[in-house]
Amino acid sequence: MTSMTPAELAAQLKTGLLSFPVTHFNPDLSFNESGYREHLSWLSQYDVAGLFAAGGTGEGFSLTPAEIDTVVRAAVSEVNGKLPVIAPATGGTVTAIAQAQAAEAAGADGVLLLPPYLTEAGQRGLIEHVSAVCRSTNLGVTVYSRANAILTDVSVAELADRNENLVCLKDGVGNIEMMTRTYARVGDRLTYIGGLPTAETFALPLLQLGVSTYSSAIFNFVPEFALGFYADVLAQDREAVYRKLNEFILPYLDIRDRTKGYAVSIVKAGVTAIGRSAGPVRPPLQDLSEDELAQLTELIGRIK
Ligand SMILES: O=C([O-])C(=O)C[C@H](O)[C@@H](O)C(=O)[O-]
């Protein structure tokens, strides 16, 4: 049972970078709990504001509800109250509600509501979907606006009015006009989280649009670099941010963009590259080729 209210969760999440750990798999693609726990234990020496278990980078979309529950419980137990743990909810409304309730029962501190699978939906339907999930839990909810569930500023404002426990908007779209409109309309009622793939790429400009923190996938394998980059963004040190973009992030995107789904695969490859394997990704994702892994290893070596 969490001791954190939704308002406390929202305040906490904006105090630092957000960790989205990969989910470790064995060679047969089953969940490798000991590897996962060891990874969380290694990352726990670094200062972040929250941990999102089985998110996008954590391949939550490839896990069964029972596996998600196991991963969330492992994270809650390993983190042991030192950080808020946020659990995913996705799928149709009934499934997402079941996952939000399972998250609460597992002792998570919040829910990350991801887009439902496959179908597109209008704003009214999305509002009812998000509201139904919010009503089903006492936990603070972060809604992820992305893909087939992109919320307009008007919808976000209605959702914030109707649901006290909706506390964060995670943006995976990067539409400057929409972000400007949303912050102008909703202001600090919500905490805004940058959630585009390789969120570092957009962190400096999004800071001006009210986005005070972001989900860092690269934190999985270059945690010191990720934290230093975040500090440079907060300090609005343009020189340092652009130097680091040129040094690491932009060449990293060149490898990431070679194949669809690599935004996740490359993070696991990064963990392998530093000698801490998280195992393979599950299909339909595919692992980087040996050559790409070698290029990534060389790139990481440049900033170590
Ligand atoms: O659920 C997730 O893993 C994400 O939303 C996205 C990533 O962490 C993304 O922000 C990134 O790749 O840096």
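Okay, a quick definition to start: two strands count as paired if DSSP finds at least two bridges between them. Helices (H or I, at least four residues) and strands (E, at least two) are DSSP runs, numbered from the N terminus. With that in hand, in β6 the bridge partner of Val141 is Leu166.

Before I go on, this is a predicted model: local features need pLDDT of at least 70, side-chain atom pairs count only at pLDDT 80 or more, and totals for chains, interfaces and linings use all residues. Residues are numbered from 1 along each chain as its sequence is written.

So, the barrel. There are 8 strands, closing in the order β1-β2-β3-β4-β5-β6-β7-β8, with parallel pairing. One of the pairs is β5, residues 140-145, with β6, residues 166-171, over 5 bridges in the parallel sense. Helix α3, residues 65-79, packs on the sheet and touches β2 (50-52) and β3 (85-89). Contact here means that two C-beta atoms, placed from the backbone, lie within 7 Å. The direction of α3 makes about 175° with that of β3; axes are lines fitted to C-alpha atoms, for helices over the stretch in contact, and angles run from 0 to 180 degrees between N-to-C directions.

Let's stop at Ser145, which sits in strand β5. Is Ser145 buried or exposed? Ser145 counts as buried, because it has 24 C-beta neighbours inside 10 Å. The cut-offs: buried is 20 or more other C-beta atoms within 10 Å of the residue's own, exposed is 12 or fewer, and partly exposed is in between. Leaving aside neighbours within four places in sequence, the contacts of Ser145 include Leu169, Lys170 and Asp171.

Now helix against helix. Two packed helices are described by the angle between their axes and the distance between the axes. Take α3 and helix α4 (residues 93-105): they pack at an angle of about 25°, with axes 10 Å apart. That makes α3 roughly parallel to α4; the classes are under 35 degrees for roughly parallel, over 145 for roughly antiparallel, 65 to 115 for roughly perpendicular, and oblique for the rest. Who makes the contact? Pro65, Ile68, Asp69 and Val72 come from α3, and Ala98, Gln99, Ala102 and Ala103 from α4. By class that is 6 nonpolar, 1 polar and 1 charged, where Ala, Val, Leu, Ile, Met, Phe, Trp, Tyr, Cys and Pro count as nonpolar, Asp, Glu, Lys and Arg as charged, and the others, Gly among them, as polar.

The other pair to look at is α9 (223-234) and α10 (238-256). Their angle is about 145°, and their axes are 9 Å apart. On the α9 side we have Phe225, Phe229, Asp232 and Val233, and on the α10 side Ala240, Val241, Lys244 and Phe248. Those residues divide into 6 nonpolar, no polar and 2 charged.

Most residues other than glycine have a negative phi, and most peptide bonds are trans. Gln236, in the loop between α9 and α10, has a positive phi of about 50°. Thr198 also has a positive phi, near 50°, and lies in the loop between β7 (191-194) and α8 (203-207). Which of them is buried? Thr198 is buried, since 21 other C-beta atoms lie within 10 Å, whereas Gln236 is exposed, with 11.

And one for the peptide bonds: Pro283 and Pro284 are joined by a cis bond, with omega about 10°. Pro284 lies in the loop between α11 (262-273) and α12 (290-302).
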